[in-house]
Amino acid sequence: MQFLNLDYLQIIIFMCVCPKFFSKKHEGIKKKCTFADDINNQKLEFMLHYSNFKNVFITGLIILFMFAACEDKSNPSAPTGLTVVVENNAVRISWNSVRGADAYRIETSTDNFASIATTTILSPDRVENYFIHAEPVAGVRNYYRVRSIRYGKNDEFFSNWSHVNLNFLRPGGGTEQGLWLGIIGFNNNITTREISLLTRSNIGEFQTFVDRLTIGPATGLYYAVDNAINMLQGAAFPDDLANVSLVTFTDGLDNISIELNQNFNSRDEYRDFLRDRISNDKVGNLPINAFSIGIQGGDVVNVPAFRAGLAALASSPNNVHEVTSMTDVNNIFREIANSLYFESQRHILSLRFPGGFDDGDKIRFTFDLELNVEDATMSNLYIEGVFRRSGTSRWLENIKYEGMRSSSGTRVDGSLDAGFVTFNFENLISIATGNIVSRDFVRQWEYIASESEWQGNSEFDQAGETQIDIETRSAIIMLVLDCTLSLDAGGANGFRLMKNAANDFINELARQL
């Protein structure tokens with residue numbers, strides 16, 4: 001239609017709606033017609049001669065019919081923006097929609113299309129810009145190509161192919177509540193154990209996998225971590241998932257990852273890509289809690305690069321652990337196992353006391369003062385807040401946690417029962433020790449503003465008025481282990497010691513189940 005003269009098209013439309021102006025009695029008589037241009041509101045005037053208009057009208061109709069009957073036989077554009085991700089042990093390929101495409105053809109292969117494994121055509125009644133490959137081949141690179149299709153009356157018109165590929169590692173996982181663990185060992189390649197439920201009865205299966213890891217040349221550190229994150233994101237997981245963690249051990253600098261994944265032109269580029277993934281990627285809407293453990297191997301000369309790598313593979317500076325011996329590695333593994341245990345649990349401390357306080361009174365709970373201490377200001381471990389009341393509602397606001405942290409926030413709603421108020425605090429962790437705060441010395445205080453001092457509640461019973469409930473929630477952990485020859489350089493036997501540390505880590509996780 002864009003090739004039609006706009007004047008002719010306007011005339012044809014005008015004739016169709018105003019035929020009386022063009023009866024034969026007007027032949028040879030000039031008629032002045034005014035058209036309002038909707039775009040610029042300017043007046044366009046045309047002088048029409050009916051004797052010429054018949055030819056114009058017929059020509060216009062012919063052109064219109066020609067365009068209406070004309071079939072677009074051009075090939076559609078090729079799909080752009082191909083991406084591939086692992087979801088629930090399947091591969092999802094998506095692309096930008098192609099304008100005018102009636103369908104898409106998707107082909108899969110494991111040998112870069114020397115042969116075709118599967119072919120799928122998304123039919124015209126389901127023209128969506130994604131495809132789920134439900135049965136990718138694990139342990140090898142899966143290749144995908146997509147082309148758009150336009151259907152003619154008797155022909156099909158195809159675009160060029162668009163390509164994407166993925167080294168698929170079956171993530172595993174499941175919906176049963178508990179602690180799920182996956183393992184990757186790396187050198188010039190990667191060896192994986194899919195994410196599986198860890199129990200006290202199957203701990204030996206995980207430790208046998210570690211024992212069977214083999215040593216090899218080259219350090220594919222970044223490639224291994226990249227695939228570990230893919231496995232975390234692609235795994236199935238329980239509804240109560242509370243913790244997603246990545247624990248990486250290495251003794252050297254990466255020297256082969258950009259050959260294993262050629263989407264990156266430098267090691268620094270791959271490193272920075274992983275730092276961004278760890279900072280921004282989510283698993284079940286949870287951030288990745290990443291730890292890095294590093295011991296400088298004998299071949300490490302570029303120490304700043306080694307430390308930059310450790311920093312990039314941790315989710316916070318506190319999670320970076322550079323050590324000097326395999327004994328230290330073992331100790332760090334144990335500390336991380338204990339911290340993951342706490343983070344996958346929900347500890348609820350219930351504090352019950354008489355609710356006869358005025359609205360706006362300040363109260364405090366101390367956790368480090370024995371009964372013979374009468375000065376609440378001596379405490380370095382306490383919860384303090386403003387008591388509020390309205391009708392049957394009771395709550396604490398402007399809560400301050402001294403010497404501890406909690407996931408409960410600065411306001412906690414209480415429950416009222418027979419004149420007693422109960423407040424529940426979740427995950428009270430001592431900043432000094434990293435452990436759950438003990439209730440053995442908990443005491444309750446009220447601030448007497450007129451006297452500018454705290455008054456203890458001698459009727460508060462530590463044993464009878466406090467309670468701790470522990471609710472264990474699910475966690476997924478990926479363990480990434482360096483299996484390179486540098487561990488055994490100079491007869492150090494570091495590979496065996498690394499395996500012992502990893503198995504102790506697994507044992508510590510299982511012990512807490």
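**View 1. Packing of helix H6 against helix H7 in the predicted model.** In this predicted model, the axes of helix H6 (residues 267-280) and helix H7 (residues 303-312) come within 9 Å of one another and cross at roughly 25 degrees. Because angles under 35 degrees count as roughly parallel, H6 is described as roughly parallel to H7. The H6 side of the contact consists of Arg271, Leu274, Arg275 and Ile278, which meet Ala308, Gly309 and Ala312 in H7. Sorted by class, the contact of H6 with H7 has 4 nonpolar, 1 polar and 2 charged residues.

**View 2. An open sheet of 3 strands.** The strands follow the order E3-E4-E7, and their pairing is antiparallel. Strand E3 (83-87) and strand E7 (130-133) stand at the edges, each with a single partner strand, so that one side of each is left without a neighbour in the sheet. From one strand to the next, the twist averages 20 degrees.

**View 3. Pairing of strand E4 with E7.** Strand E4 (residues 90-94) pairs with E7 in the antiparallel sense over 4 bridges. For Val91, the bridge partner in E7 is His133.

View 4. The mean pLDDT of the protein is 85, and 85% of its residues reach 70 or more. Where pLDDT is low, the predicted coordinates should not be read in detail.

Technical notes: Residues are numbered from 1 along each chain as its sequence is written. This is a predicted model: local features need pLDDT of at least 70, side-chain atom pairs count only at pLDDT 80 or more; totals for chains, interfaces and linings use all residues. Side-chain values use heavy atoms; hydrogens and water are left out. Axes are lines fitted to C-alpha atoms, for helices over the stretch in contact, and angles run from 0 to 180 degrees between N-to-C directions. Helices (H or I, at least four residues) and strands (E, at least two) are DSSP runs, numbered from the N terminus. Angles under 35 degrees count as roughly parallel, over 145 as roughly antiparallel, 65 to 115 as roughly perpendicular and the rest as oblique. Contact means heavy atoms within 4.5 Å. Ala, Val, Leu, Ile, Met, Phe, Trp, Tyr, Cys and Pro count as nonpolar, Asp, Glu, Lys and Arg as charged, and the others, Gly among them, as polar. pLDDT is the predictor's confidence in each residue, from 0 to 100. Two strands pair if DSSP finds at least two bridges between them.
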